[in-house]
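Visitor: I have a model here and would like to walk through it with you. Could you show it to me?

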Amino acid sequence: MPDIPAAPCSLTGLNRELYSDVQGSDVGAQAVTLEEVRTSMAGMALGLAGVPLEIQLLSEASFTLANPLRLCPSGDGRRLFLPARVQFFQEREENRRLYRLYTAFQAAQWEGGTLHRSGKRNGESEPLGWTLKFLLGFSRPMLAAEVFFAVDAGRLGSFLRKRYGGLREELDWFYECLFSLCGGDFTGAFTEAVFGLHAVMAGWPAPPAVFPDAGEVLAAARAESATVAKPGARLADSARVTTRLYPLFERLLLAGSGGGGRYDAGNWLDPLLAKKQGGETTGEPHSVEEGGDFFQELLGDLEDLENLEMFQAGEDLEADGSFITDTDLPKFAQAEEEAAGREPRRDGRMKARTDFPEPEGKSFRYQEWNYLDKRYLKDWVRLFEVEQGEGDAALVDGIVAERRELIDEVRRQFRLLRADSVAWRKKLEAGDEVDIWELLNALVDRKAGLYPSAKLFMERRVRERDICALILLDMSASTDTAVGGVGGDTGDPRRKVIDIAREALVVMAEALEQLGDSYALFGFSGYGRHNVEYYPIKFFGESLNTTVKSRIASVEPKKSTRMGPAIRHSVSLLERRGAREKLLVIISDGYPQDFDYGDDRRSKEYGLQDTRAALREAEARNIKSFCLTIDLAGYDYLKRICRPSGYLVVEDILDLPEELPKIYKRLRA
Amino acid sequence: MASQESEQRELLFEEYFFEEEPYYLPVGDEVEIFEVAWKARLPLLFKGPTGCGKTRFIEYMSWRLGRDAGRETGMPLITVACHEDLTASDLVGRYLLRGEEMVWVDGPLAIAVRKGALCYLDEIVEARKETTVLIHPLADHRRMLPMERLGKVLEAHPYFFLVISYNPGYQSALKDLKHSTRQRFLAIDFDYPPPEREAEIIAHESGVAPQIAAELALFGSKVRNLVGHGLEEGASTRLLIYAGQLILEGIDPRRACEISVISPVSDDASMHAAIRDISHSIFPSAR
Ligand SMILES: Nc1ncnc2c1ncn2[C@@H]1O[C@H](COP(=O)(O)OP(=O)(O)OP(=O)(O)O)[C@@H](O)[C@H]1O
Ligand SMILES: [Mg+2]
């Protein structure tokens, strides 16, 4: 982010604070941090927008979406940009209010229709698709973006004021407060005009202009503001106004730079000058490639965007909806296929590695849930059953010897489970035995002149605990993390997450053998949607023989964690079993993730939503599932994807071998 | 609470009907469907989340059908809330000791079948499987109720009509309806009404001004967006009406939401904070 000249108590001073992510030092008592408000802002955004947004630091937003020239940032329909900390205002309540307003504005992009004209980009839906295409129609797209996002934010501001009584108060405070702040600290006419544009569009009277040129532009803007302030104003209205105001802002900007910095000091407006000519970019003085990270990504994908219809003045734009319909999806899916192995498109996205050999073994296709489009992608994922290598079975015997005490304890508890499986069914009208308590109640009722209940009998039913359980182990690369010494005393620094998981499997298997429940052990990992790998460790029919032990011995960290298909495959295996009760226990060490698990590698939401969908599918098939994780962040996300009693975060990984049997006991109850 | 002097009545099952039209605002084509089903005597299954108007709908329909059946009032409506210990004889009837004599007393289902009434089995999945199968012969072309204890079968009165309900949302899969049961019913899916309708319902039921009703409906629809993201079930129309009633009594809207929606729908503090942020967006602070 460029260095912004700022007076401490000014609008730019505020923005400077918000756009920096410095941690620590001089935090006032009035400060509110992102961590404090993270979950409630995520919830508020989801509530207002109806779409989950992933919170990201404001300082990480691309210039096109959010920069210190703005009154407030814009989002891209996937991410919610919020500052790391706000302590600018005197009161905590006011600092928190700023978070709420930023959240409201970005959520309103969905509710107010900015994101409803999506397009498809490389087969993925791009909520801002239409807008980006529109902006790329200008000779200086970055400048157009500056004008557009200010106009549209103004439109959303008046939308919010009309619709939300509570936000109305807060918005009024926001505008009033910001204007009282900005007395005279504009670095030039252009900055003043851009700041003012948003407020003017929202119908707010801006204070008299400091720079006369800015005053002229804002007066022209005011004349247009009715278009976006009217009830029901849409994206197209913002676009229309942008088209009209763009030349004025271009002139203002050029006057500033052309005149040797007469108005706007510093070079941080330079990116806005970036120019594009007829689909090609030129380098005078800055090309879009250099200037705009966001557009830069886009230019590579321009061909897809080219398919979008282009906005033309006077064209009827009222209709909502995407330009590319779902029926086009197979085509994109194919394109995706062909593009496998291509270069990264954006920094967060990993290059699809091709050096993994295609796995051998039986393969299966599974659907995947795309929460953004709210639909299943049919046969999207290919899962291979890959033979698990064989290690040294003696390793397992070693674990058995080492954990003898724990295994005996678990076995003892599991024996009690067997006794449990005899149950009394009560309140029957006929049965094997009289229930003494019911009888007593009936007698009392009769004495009291009430009708006694006739349900006096009970029956001993050996509950046929016809159970089969599948334990699914996440064998992703992250299980390579060392755990030694974390707990202090058990300090073997060479022990890794996977080793503890192996121990847990051994303890569990030993105990289950004796309990007699049918069980299977599988691991999963893989890389990319065409290569999900599923490793059989122990099939249902197998006993805990030497081969199985050698497979347990060889579990090792592999690649990614695409959880959805692994769950779906487990479900299909469980479904084939005749048992009455089916359990699925998933042991993982972090977020479900894979390089192409969703459009944006940095976004965890897609993977979470797909996992959640897979768990629901399991449930619909009568399979009880349970997620056990050693990831402390699990508290945040498991709550959202599992049923309330369907997950557990094991805070100390070393407890895993003890926790797993406990969970099993609970599940079975 | 200042309660009005109201005359308390005890009614026999078959005397429970509506004399006046219950308020019901149709959301889709459910009224039409119900009438067609009724004409063909095809039993109905209502599916939908809690507090979305299922009970109110059947009350309304019972009133409406009364005229079809040539009555001045509504059809009698017999509602049974199902639970785990509900046995066959709870529905069909039993012998009771009266003095020296054993007398047979019909259960609610038998009454409906004999006298011709709408019978509404609420939350049917809660009942044990062996109880549920009892309604099978009633719910197909046979329309009869076997009364084992009496060694008889009871043929259904022409006006007998069976409706069952369940909430698929929080049903554990283990408690699902058997296919042999569910495939005897036509199913109507209920959901919370769209905001404008819901606002109308809230205004009518609670008496709040249309503006506040609209805000409550907006609030409800926003809270429902959180379902599946840490919230098991969204705010029901019923809760929004409660909030309206509190507001009407002078409670600050934000506070009313707190008591009637935020706290009832979840026990999770971070969920509370999120919903509170939504309510504070919609309702201005008290002045
Ligand atoms: N369409 C509607 N028309 C009129 N009132 C409605 C409507 N929908 C909901 N209501 C109101 O909502 C309240 C709750 O509805 P009702 O009791 O019928 O819910 P339900 O679906 O039976 O819930 P449950 O599953 O918890 O029994 C009603 O008392 C009524 O005031
Ligand atoms: Mg009800």
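This is a predicted model: local features need pLDDT of at least 70, side-chain atom pairs count only at pLDDT 80 or more; totals for chains, interfaces and linings use all residues.

Visitor: Which residue has a backbone N or O atom 2.7 Å from an oxygen atom of ligand 1?

Guide: Two side chains of chain B also approach ligand oxygens: an N or O atom of B:Thr50 at 2.4 Å, and one of B:Thr55 at 2.6 Å. The backbone atom at 2.7 Å from a ligand 1 oxygen belongs to B:Gly51.

Visitor: How much of the accessible area of ligand 1 does the protein cover?

Guide: Accessible areas here come from the Shrake-Rupley method with a 1.4 Å probe. On its own, ligand 1 has 630 Å² of such area, and the protein covers 89%.

Visitor: How many residues surround ligand 1?

Guide: A residue counts if one of its heavy atoms lies within 4 Å. By class, the shell has 6 nonpolar, 5 polar and 4 charged residues. B:Glu205 and B:Arg238 are among the closest, and the number surrounding ligand 1 is 15.

Visitor: Which domains of chain B each give at least three residues to that shell?

Guide: The bounds come from an automatic or database domain assignment. For chain B they are 2-189 and 195-282. The shell draws at least three residues from each of domain 1 and domain 2.

Visitor: What area do those two domains of chain B bury between them?

Guide: Buried area is the accessible area (1.4 Å probe) that two parts lose on being put together, summed over both. Contact (heavy atoms within 4.5 Å) joins 12 residues of domain 1 to 9 residues of domain 2. With 51% of it on carbon and sulfur atoms, the buried area is about 900 Å².

Visitor: And what area do chain A and chain B bury between them?

Guide: Their contact takes 37 residues from chain A and 37 residues from chain B. Carbon and sulfur atoms carry 47% of the buried area, which is about 3,000 Å².

Notes: Residues are numbered from 1 along each chain as its sequence is written. Chains are lettered from A and ligands numbered from 1 in the order in which they are written. Side-chain values use heavy atoms; hydrogens and water are left out. A polar contact is a pair of N or O atoms within 3.5 Å; within protein, one must be able to donate a hydrogen and the other to accept it, and residues adjacent in sequence count only if both atoms are side-chain atoms. Ala, Val, Leu, Ile, Met, Phe, Trp, Tyr, Cys and Pro count as nonpolar, Asp, Glu, Lys and Arg as charged, and the others, Gly among them, as polar.
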